[in-house]
Amino acid sequence: MAGLSDHLDPREIAWAAGLFEGEGSIGASRNRKKKTQTPLLQLSMTDGDTVQRFASILGLGRTYRPYDRGLNCKPSYTWRLTSFEKAQAVIAMFWPWLGVRRKKRALEILAEGRAQRVKQAFRQHCPKGHPLSGNNLYISCRGTRNCKVCISERQRLYRTSHREKLNGMQQARRAKRRKEII
Ligand SMILES: [Zn+2]
């Protein structure tokens with residue numbers, strides 16, 4: 001988390017927290033396939049400079065340029081953060097300035113995230129039922145536990161579909177060349 005502890009200015013944090021309390025939102029980004037959700041903090045405003053300043057104070061999350069949403073909508077700049085650890089850090093920083101409603105929402109979202117992590121940490125089988133133990137367990141650099149059978153299956157599927165695509169392109173090229181020769 002580079003940037004977070006390097007330049008903590010309490011006045012700037014207070015400004016950012018006040019802005020977030022007024023304009024920000026706390027929610028969850030759902031992954032339907034994996035049936036998981038990640039905390040999602042967001043701030044959307046038509047004033048790009050303000051969003052940019054907010055992002056640089058935190059040194060976390062990403063900013064997005066506005067996209068055209070039609071004639072009646074003003075384009076808005078968005079700052080967004082989706083990560084359990086980072087959301088937890090930002091909420092802790094903003095805590096003294098957050099209102100009751102937002103505090104409640106933040107606690108709910110973080111509790112859900114923690115429960116999910118505990119569940120993941122104690123899972124004994126992958127969604128397809130392979131054991132998550134012994135030789136079949138792969139622990140990623142981020143600490144998540146994964147099934148080796150499913151990983152190699154995914155890699156095999158990718159290679160097959162990729163090869164078909166490459167072969168298709170090659171055949172098209174050959175056919176073209178043949179035509180040119182004739
Ligand atoms: Zn599996």
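**Terms and values**

Modeller: Read along the sequence, the pattern is α-β-β-α-β-β-α-α-β-β-α. That makes 5 helices and 6 strands. Helices (H or I, at least four residues) and strands (E, at least two) are DSSP runs, numbered from the N terminus. This is a predicted model: local features need pLDDT of at least 70, side-chain atom pairs count only at pLDDT 80 or more, and totals for chains, interfaces and linings use all residues. Residues are numbered from 1 along each chain as its sequence is written.

Colleague: Where are the domains of the chain?
Modeller: Domain 1 covers 10-122 and domain 2 covers 126-182. The bounds come from an automatic or database domain assignment. The two centres, over C-alpha atoms, are 35 Å apart.

Colleague: How do you know that the span of α1 is close to the expected one?
Modeller: The expected span is 1.5 Å times one less than the number of residues. Helix α1 (residues 10-23) has 14 residues, and 20 Å is expected. From first C-alpha to last, α1 reaches 20 Å.

Colleague: Which residues of α1 are called buried?
Modeller: Ala16, Ala17, Leu19 and Phe20. A residue is buried if 20 or more other C-beta atoms, placed from the backbone, lie within 10 Å of its own; it is exposed if 12 or fewer do, and partly exposed in between. The arc is that of the directions from the helix axis to the C-beta atoms. The face turned away carries the exposed Pro10, Arg11 and Gly22.

Colleague: Why is Ala14 called partly exposed?
Modeller: Ala14 sits in helix α1. Ala14 has 13 other C-beta atoms within 10 Å, so it falls in between the cut-offs and is partly exposed.

Colleague: What makes the buried residues of α3 line one face?
Modeller: They are Ala87, Val90, Ile91 and Phe94. Seen down the axis, they fall within an arc of 100°, so they line one face of α3. Exposed Glu85 and Ala92 are on the face turned away. The buried residues of α3 pack against several elements, including α1, β2 and α2.

Colleague: Which residues of α2 are buried?
Modeller: Val51, Phe54, Ala55, Ile57 and Leu58. Their arc is 160°, so they line one face of α2. Just after α2, Gly59 takes a positive phi of about 65°.

Colleague: How do you know that β1 and β2 pair?
Modeller: Two strands pair if DSSP finds at least two bridges between them. Here 8 bridges join β1 to β2, so they pair. The two strands run antiparallel. Arg30 has Gln37 in β2 as its bridge partner. In their hairpin, with 4 residues between the strands, Lys35 takes a positive phi near 55°.

Technical notes: Contact = placed C-beta atoms within 7 Å.
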